Amino acid sequence: METYLFILFATLAVAAAIGMISSKDTVNSALFLVLNLISVAGIFLLLKAQFLAVVQVLVYGGAIMVLFLFVIMLLNLSDEEHMLSRFSVRYAVGFFLGVIVLSQLLYAIASVTGTLPQIHPEMEQVGTVEAIGDALFTVYLLPVLVTAILLTAAVVGALLLAQRNISDKVNK
Amino acid sequence: MEMDWYLGLSAVLFTIGVIGVLTKKNAIVIFMCAELMLNSVNLTLVSFSAQLGDVHGQILVFFALCVAAAEAAVGLAIIIAIYRNNLTVDVTRINLLKW
């Protein structure tokens, strides 16, 4: 059962990723990325990481992708045709480097294949909200607070960067 | 289910992200490919965490998600600022630093 679910989610994730980089429309790319992220959330569930699966759907599939779609809507990028060209050197070099990266990664994985253990039997208790929250708010309390500062800085920085006519205000 | 398959899937997703970053011209799509690469690394961390039965890998993924959210907000703001100045998000036309 687990194998079939893995094959289903993995096929969906890879197909959505390929669809994302091959679709002509930016909105279609964003929606394919949502599908990919949700499939990866399913794989997190197979790995018994319940909390991260939910956070993946909420934060990645929800918040971040809505932000992307808002920006695509704001910029109103309809004339995408000139951005996708026919075969060129860029594509050849890109695919060549991609194949190199993939072969390196698969070589690294192949060297440890067969020696990796199965899913740990205690994983049912490790991936829960309770276990992760326990670790986050005791051992990792300081990093959580630093993350709060980071997110605040990101929000303020984004507002400042996206402000209209920032140079005019400075000049006046 | 062997762990190799999860790592292999993560490698394939990462490679698709790399190819997207190298071949696409639209800055927003390049940014989405970077998110895909971040996410595939998260998958690797979760699978190692699952095979060791250790919570620390998942905590690292949690912080990586926070950083990804901050990065998405700032990066999209930069893309909007670039669009205001150049009226394009085509990275081949943004060549101010080109030698």
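Guide: Leu87(B) sits in the segment after helix 3 of chain B, a helix that covers residues 56–86. The model is a predicted one. Leu87(B) is not a glycine, yet its phi is positive, at about 55 degrees. Leu87(B) follows helix 3 of chain B. With 9 C-beta neighbours inside 10 Å, Leu87(B) counts as exposed, since the cut-off for exposed is 12 or fewer.

Asn95(B) is exposed, because 9 other C-beta atoms lie within 10 Å of its own. Asn95(B) and Thr15(B) are separated by 80 residues in sequence, and their C-alpha atoms are 26 Å apart in space.

Now for chain B as a whole. Chain B contains three helices and zero strands, and read along the sequence it has the pattern α-α-α. The radius of gyration of chain B is 17 Å, whereas the globule rule gives 13 Å for 99 residues; the value is well over the rule, so chain B is more spread out than a compact globule. Along the principal axes, the C-alpha atoms of chain B fill a box of roughly 50 × 25 × 20 Å. Of the 99 residues of chain B, 54% count as buried. Among contacts in chain B between residues at least 6 apart in sequence, 48% join residues at least 24 apart.

Chain B also touches chain A. The contact takes 73 residues from chain A and 60 residues from chain B. On the side of chain A that touches chain B, at least two residues come from each of helix 1 (2–22), helix 2 (26–46), helix 3 (50–75), helix 4 (89–111), helix 5 (123–126), helix 6 (129–136) and helix 7 (141–161) of chain A. By class, the residues on this side of chain A are 57 nonpolar, eleven polar and five charged.

One residue of chain A leads back to chain B. Leu161(A) lies in helix 7 of chain A. Neighbours within four places in sequence aside, Leu161(A) is in contact with Val74(B), Ala77(B), Ile78(B) and Ala81(B). Leu161(A) has 18 other C-beta atoms within 10 Å, which means that it is partly exposed. Leu161(A) and Val59(A) are 102 residues apart along the chain, and their C-alpha atoms are separated by 22 Å.

Another part of the contact pairs one helix from each chain. Two packed helices are described by the angle between their axes and the distance between the axes. Helix 3 of chain A packs against helix 2 of chain B, residues 27–52, at an angle of about 175 degrees, and the axes are 12 Å apart. Angles over 145 degrees count as roughly antiparallel, so helix 3 of chain A is roughly antiparallel to helix 2 of chain B. In this pairing, Leu52(A), Tyr60(A), Ile64(A), Phe68(A), Val71(A) and Ile72(A) of helix 3 of chain A meet Ile28(B), Met32(B), Glu35(B), Asn39(B) and Val46(B) of helix 2 of chain B. The classes in this contact are nine nonpolar, one polar and one charged.

Helix 3 of chain A also has a partner within its own chain. The axes of helix 2 and helix 3 of chain A come within 8 Å and cross at roughly 175 degrees. These two helices of chain A are therefore roughly antiparallel to each other. The residues that make this contact include Leu33(A), Leu37(A) and Phe44(A) of helix 2 of chain A, and Leu52(A), Tyr60(A), Phe68(A) and Ile72(A) of helix 3 of chain A. The contact of helix 2 with helix 3 of chain A has 18 nonpolar, four polar and no charged residues.

The loop between helix 2 and helix 3 of chain A holds Lys48(A). Lys48(A) is not a glycine but has a positive phi, about 65 degrees. Lys48(A) counts as buried because it has 22 C-beta neighbours inside 10 Å. Leu87(B), where this account began, has a positive phi of about 55 degrees but counts as exposed.

Notes: Residues are numbered from 1 along each chain as its sequence is written. Chains are lettered from A and ligands numbered from 1 in the order in which they are written. This is a predicted model: local features need pLDDT of at least 70, side-chain atom pairs count only at pLDDT 80 or more; totals for chains, interfaces and linings use all residues. Two residues are in contact if their C-beta atoms, placed from the backbone, lie within 7 Å. Helices (H or I, at least four residues) and strands (E, at least two) are DSSP runs, numbered from the N terminus. Ala, Val, Leu, Ile, Met, Phe, Trp, Tyr, Cys and Pro count as nonpolar, Asp, Glu, Lys and Arg as charged, and the others, Gly among them, as polar. The radius of gyration is taken over C-alpha atoms; the globule rule is 2.2 Å times the number of residues to the power 0.38. A residue is buried if 20 or more other C-beta atoms lie within 10 Å of its own, exposed if 12 or fewer, and partly exposed in between; C-beta atoms are placed from the backbone. Axes are lines fitted to C-alpha atoms, for helices over the stretch in contact, and angles run from 0 to 180 degrees between N-to-C directions. Angles under 35 degrees count as roughly parallel, over 145 as roughly antiparallel, 65 to 115 as roughly perpendicular and the rest as oblique.
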